[in-house]
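Dear colleague,

I am passing the structure below on to you, together with notes on what was found in it. Please read the notes with the coordinates open beside them.

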Amino acid sequence: MLRGTLATGESVAAHESTQPVGATPVALHPIHHSELLIVREGEVMFDHDGTSEKAGPGDIIYVPLGTVHRVRNVGTVPAKYVVVAIGGDVKK
């Protein structure tokens, strides 16, 4: 969707992800940047740091640098969300 550099010098990139109903989620993994996940459709479970939080349309999830996490579709329709990655290993 976009890729660039903020006025602060940090790289920023955004893309949309879709998880079908019943899809096998990615394994828990760390990130080397910060992320905002904006849920557009469906319901997801955000697993992180031994905790799980449910999010739906309009919710925003903040994922700090280094967080071990994953997002799972727990709804009855495809889950669609936008990922905005900032700093760290985000390529310009």
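Val-77 lies in the loop between E8 and E9, where strands (E, at least two residues) and helices (H or I, at least four) are DSSP runs numbered from the N terminus. The model is a predicted one, in which local features need pLDDT of at least 70 and side-chain atom pairs count only at pLDDT 80 or more, whereas totals for chains, interfaces and linings use all residues. Residues are numbered from 1 along each chain as its sequence is written, and side-chain values use heavy atoms, with hydrogens and water left out.

At 40% relative accessibility, Val-77 counts as partly exposed, a class that sits between buried (under 20% relative accessible area) and exposed (over 50%), with a 1.4 Å probe and protein chains only.

Ala-27 is placed in the loop between E2 and strand E3 (29-30), and with a relative accessible area of 55% Ala-27 is exposed. The C-alpha atoms of Ala-27 and His-69 are 8.1 Å from each other, for a pair 42 residues apart along the chain. Ala-14, by contrast, belongs to strand E2 and counts as buried at 10% relative accessibility; the C-alpha atoms of Ala-14 and Leu-37, 23 residues apart along the chain, are separated by 9.6 Å.

One backbone angle deserves a look: phi of Asp-49 is near 50°, a positive value in a residue other than glycine. Asp-49 is found in the loop between E5 and strand E6 (51-55), and at 59% relative accessibility this residue counts as exposed.

**Salt bridges**

The structure holds three salt bridges, each defined as a side-chain nitrogen of Lys or Arg within 4 Å of a carboxyl oxygen of Asp or Glu. Arg-40 pairs with Glu-16, the closest N and O atoms being 2.0 Å apart; Arg-40 lies in strand E4 and Glu-16 in strand E2, so the pair ties together parts that are 24 residues apart in sequence. Arg-40 is partly exposed, with a relative accessible area of 44%, and Glu-16 is also partly exposed, at 38%.

Which residues are linked in a network of salt bridges? They are Asp-47, Arg-70 and Arg-72. Asp-47 forms a salt bridge with Arg-70, with the closest N and O atoms 2.9 Å apart, and this pair links distant parts of the chain, Asp-47 being in strand E5 (residues 44-48) and Arg-70 in strand E8, 23 residues apart. Asp-47 also forms a salt bridge with Arg-72, where the closest N and O atoms are 2.6 Å apart; here again E5 is linked to E8, with Asp-47 and Arg-72 25 residues apart. At 6% relative accessibility Asp-47 counts as buried, whereas Arg-70 is partly exposed, with a relative accessible area of 24%, and Arg-72 is partly exposed, with a relative accessible area of 24%.

**The largest pocket**

The largest pocket has a volume of about 260 Å³. Of the 17 residues that line it, the closest to its centre are His-15, Ser-17, Glu-35, Tyr-81 and Val-83. A pocket here is an open set of points on a 1 Å grid over the protein atoms alone, where a 1.4 Å probe fits, with protein on both sides within 12 Å along at least five of seven lines, and lining residues have an atom within 4 Å of a point; the volume is the space filled by probe spheres set on the points, which are joined across faces, edges and corners.

Strand E2 (11-19), strand E4 (34-41), strand E8 (68-73) and strand E9 (79-86) each supply at least two residues of this lining, and E2 gives the most, with five residues. By class, the lining has eight nonpolar, six polar and three charged residues.

**A nonpolar surface patch**

Finally, Leu-36, Ile-60 and Tyr-62 make a nonpolar surface patch of about 310 Å², and Tyr-62 lies in strand E7 (residues 60-63). Such a patch is made of residues with over 30% relative accessible area and no salt bridge, its nonpolar side chains (Val, Leu, Ile, Met, Phe, Trp, Tyr) being joined within 5 Å.

With best wishes

Methods:
Ala, Val, Leu, Ile, Met, Phe, Trp, Tyr, Cys and Pro count as nonpolar, Asp, Glu, Lys and Arg as charged, and the others, Gly among them, as polar. Patches are made of residues with over 30% relative accessible area and no salt bridge: like charges are joined within 9 Å, nonpolar side chains (Val, Leu, Ile, Met, Phe, Trp, Tyr) within 5 Å. Accessible areas come from the Shrake-Rupley method with a 1.4 Å probe; for residues, only the protein chains shown count as cover.
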